[in-house]
Amino acid sequence: MSGERRLGETVEVLSNGSVLFEYGPMRMIIQVSDHGRPMMELAEGGAHKAREVLEDLARFLPVIKKKTQALKGEERYPEVVRRMIEATQKMEEPDLTPLAAVAGTSSDVVADFMIHQGGTKIIIDNGGDIAIRLTAGEVVKVGIKTDISAKQPSYLIAIDETMRIGGVATSGLGGRSFTKGIATAATVLSENASFADAAATVIGNFTNVEDSHIKRSLAENIYPETDIAGEWVTTGMGELSSKKIEEAVNRGLSKANSLFRRGLIRGALIAVKGRVAWTHSLNPWLIRL
C-alpha cells in the first residue's frame with residue numbers, strides 16, 4: 001500500500017484475499033473481486049480511502065455530534081459528512097445525530113470509490129455495517145443474527161444486483177452503539193449502507209417498552225463524550241413477559257413498515273429474546289438456517 005503508514009494503523013491481507021484495515025475506532029474488512037479473482041491492490045486502495053474518511057470524520061466531529069435536524073449538508077463538508085446528514089435527516093427522528101449512520105456511510109464512501117476502479121463484487125464490512133456493490137451475475141450471501149452476540153446467524157439472504165440492496169446494518173442491545181430499545185438485533189437492508197445504518201438505529205430504538213427488569217442509564221454516564229447526552233439508553237434486561245416482548249417487537253416492526261412504505265429501506269428483521277419478526281418484503285428472500 002502506497003503512502004506513509006500512521007502509528008497504530010494496520011493494513012493486512014487476509015487469507016481469502018480481502019484486506020483488513022484498522023485505525024483508531026475503525027475496523028474495516030475490504031473485499032473486491034473480478035468474477036471470483038481477488039483484487040488485492042484495489043482493496044489496499046480502499047484501505048487508503050478508509051483512512052481519508054476517518055480523518056474527515058475526526059476533523060468534523062463537532063458537526064456530526066449535533067442533532068441532525070439542525071444541520072444542513074453544506075458544500076464545505078466532506079462527502080462522508082454530507083451523506084451522514086442526509087441519511088439521518090430522512091429518518092425524521094429528532095434525537096438522531098449524523099453519527100447514527102457513521103459506520104454504514106463510511107462503508108458506502110469506500111465502496112463507491114472502489115466501484116469506479118473495477119471489480120464485479122465489492123463488500124465493505126465496517127464492524128457489521130456492510131456496503132455491497134454487485135454487477136450482473138454476482139451474488140453475495142449475508143447471514144442475519146437474531147442476537148448480536150451470537151456466533152452464528154439464524155437466517156440467510158442471497159443478494160444479487162436485481163434486488164437493489166446496497167447495504168445491510170444491524171443495531172441492538174450489546175452492539176457497538178447505544179440503543180434505547182431492547183432488540184437483541186434489528187437488521188435492515190436498504191439501497192445503501194448509510195440508510196441501513198440510520199434505519200437500524202431508529203428501529204432498534206423503537207423496540208422500547210417500560211419494565212422494571214430493563215436497566216437504563218443516561219448516555220453520558222456511560223460515555224461522557226457521547227453525542228446523545230441527556231438521552232436514556234438501555235444497558236441490560238432481565239426476564240420479560242411474553243406480552244412485553246411482543247409489544248417491543250411490534251413497535252419495532254411498525255416503524256420498519258413505515259420506513260419501507262416511504263422507500264427508505266428494502267426490509268428489516270427484528271428480534272427480542274427469541275421472538276423474531278420481519279417485514280413482508282423479506283418473505284421471498286429470507287432463508288432459515
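Let's start with helix α4: ten of its 14 residues are buried, so the helix is largely enclosed by the rest of the structure. Buried here means under 20% relative accessible area, exposed is over 50%, and partly exposed is in between, with a 1.4 Å probe and protein chains only.

A word on the source. This is a predicted model, where local features need pLDDT of at least 70, side-chain atom pairs count only at pLDDT 80 or more, and totals for chains, interfaces and linings use all residues. Residues are numbered from 1 along each chain as its sequence is written, and side-chain values use heavy atoms, leaving out hydrogens and water.

Back to α4, residues 102-115. Helices (H or I, at least four residues) and strands (E, at least two) are DSSP runs, numbered from the N terminus. The buried set includes Asp108, Val109, Val110 and Met114. What do the buried residues of α4 pack against? β3 (26-34), α1, α3, β5 (121-126), β6 (129-134) and α5. Contact means heavy atoms within 4.5 Å.

Next, α5 (residues 193-206) and α7 (residues 242-261). Their axes come within 7 Å and cross at roughly 145 degrees. Axes are lines fitted to C-alpha atoms, for helices over the stretch in contact, with angles from 0 to 180 degrees between N-to-C directions. On the α5 side sit Ala199, Val202, Ile203 and Phe206; among their partners in α7 are Arg251, Gly252 and Lys255. The contact residues divide into seven nonpolar, one polar and two charged.

Now the rings. How many aromatic pairs does the structure hold? Three. Rings of Phe, Tyr and Trp (its six-membered ring) pair if their centres lie within 6.5 Å; planes under 30 degrees apart are stacked, over 60 edge-to-face, the rest tilted. Phe21 and Tyr23 are edge-to-face, 6.3 Å centre to centre, with 70 degrees between the planes. Phe60 and Tyr77 are edge-to-face too, at 5.6 Å and 80 degrees.

Last, backbone angles. Most residues other than glycine have a negative phi. Glu92 has a positive phi, near 60 degrees. Glu92 sits in the loop between α3 and α4, and is exposed, at 53% relative accessible area. Lys273 also has a positive phi, about 50 degrees. Lys273 is partly exposed, at 34%.

Notes: Nonpolar A, V, L, I, M, F, W, Y, C, P; charged D, E, K, R; others polar. Expected span 1.5 Å × (residues − 1).
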